[in-house]
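Here's a friendly walk through one protein model, for anyone meeting it for the first time. Take a look at the picture first, and then we'll go from the whole chain down to single residues.

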Amino acid sequence: MAAPSSPFSILNASPRDLPALWRLEREAFARDAWPLLDLIAVLGWPGVVRLKAVDEEHRMLGFVAGEVRHGVGWIATLAVAASHRRRGIGRALLEACEARLPASLPIRLTVRRDNLPAIRLYRTAGYRPIAVWPRYYVDRSDALVMEKPPRG
């Protein structure tokens, strides 16, 4: 499905996207990038919503994964290539992933407390802080846990 008058499309991701996702993950998250085995799992594990944003040449510009765990929808990861940020790709991926998770469940995610652009995106999308996970990231930075109420 394509975003209206936009130079990117949102498509389902598959294990064939592993090389592009590996590059994107390392670019977007550097020291916090998921290990290769986690990326393999997210691209193949049953029940995971996995979507990619691609340009006209089918280059991966962004990726999101979500799943239901213990009665809560979780946005497990959301990444956009640095060269394509602030163009609506992150919001489009977030909304597309949310739409594929059960409307009756709250949706949560974690974000570095110092990632102010991402926090702004999540706040404008209806997420609110509910907890802090101390020393969550590799460099021992805290994670902010944010939640969006059920839609249905």
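## The outside and the inside

Let's start with the surface: the protein has an accessible area of about 8500 Å², and carbon and sulfur atoms own 55% of that. Keep in mind that this is a predicted model. As for the inside, 42% of the 152 residues count as buried.

## The overall build

What is the chain made of? You'll find four helices and seven strands here. Going along the sequence, they come in the order β-α-α-β-β-β-α-β-α-β-β. The radius of gyration is 15 Å, and the globule rule gives 15 Å for 152 residues, so the protein is as compact as a globular protein of that length.

How many salt bridges does the structure hold? The count is 12. One of them pairs K52 with D17, with 2.8 Å between the closest N and O atoms. K52 sits in strand β2 (residues 49-54), while D17 is in the loop between β1 (9-12) and α1 (18-29), so this pair ties together parts that are 35 residues apart in sequence. Are these two partners buried or exposed? Both K52 and D17 are buried.

Another bridge links K148 and E98, where the closest N and O atoms are 3.0 Å apart. K148 belongs to strand β7 and E98 to helix α3, so here the linked parts are 50 residues apart in sequence. With a relative accessible area of 16%, K148 is buried, and E98 is buried too, at 5%. There's also a network: salt bridges with shared partners join R31, D32, R112, D114 and D139.

## A bridge within one helix

R91 pairs with E95, and their closest N and O atoms are 3.7 Å apart. Because the two are four residues apart in helix α3 (residues 89-100), about one helical turn separates R91 from E95.

How accessible are these partners? R91 has 28% relative accessibility, so it counts as partly exposed. E95 is partly exposed as well, with a relative accessible area of 42%.

Next stop, S141. Where is it? You'll spot S141 in the loop between β6 (128-133) and β7 (143-148). Its side chain makes a polar contact of 2.8 Å with the side chain of D139, and D139 is also one of the residues in the salt-bridge network.

Leaving out residues up to four places away in sequence, S141 touches R112, R135 and Y136.

## A nonpolar patch on the surface

Last, back to the outside. Which residues form a nonpolar patch on the surface? They are L36, L37 and I40, and together they have about 290 Å² of accessible area.

L36 is part of helix α2 (residues 36-44). Its relative accessibility is 39%, so L36 counts as partly exposed.

Notes
Residues numbered from 1 in each chain as written. Predicted model: local features only at pLDDT ≥ 70, side-chain atom pairs only at ≥ 80, totals over all residues. Heavy atoms only, no water. Polar contact = N/O pair within 3.5 Å; in protein donor to acceptor, adjacent residues only side chain to side chain. Contact = heavy atoms within 4.5 Å. Patch = residues over 30% accessible without salt bridge, like charges linked within 9 Å, V, L, I, M, F, W, Y side chains within 5 Å. Areas by Shrake-Rupley, 256 points an atom, 1.4 Å probe, with all protein chains shown as cover. Salt bridge = Lys/Arg side-chain N within 4 Å of Asp/Glu carboxyl O. Buried < 20%, exposed > 50% of the residue type's maximum accessible area, 1.4 Å probe, protein only. Rg over C-alpha atoms; globule rule 2.2 N^0.38 Å.
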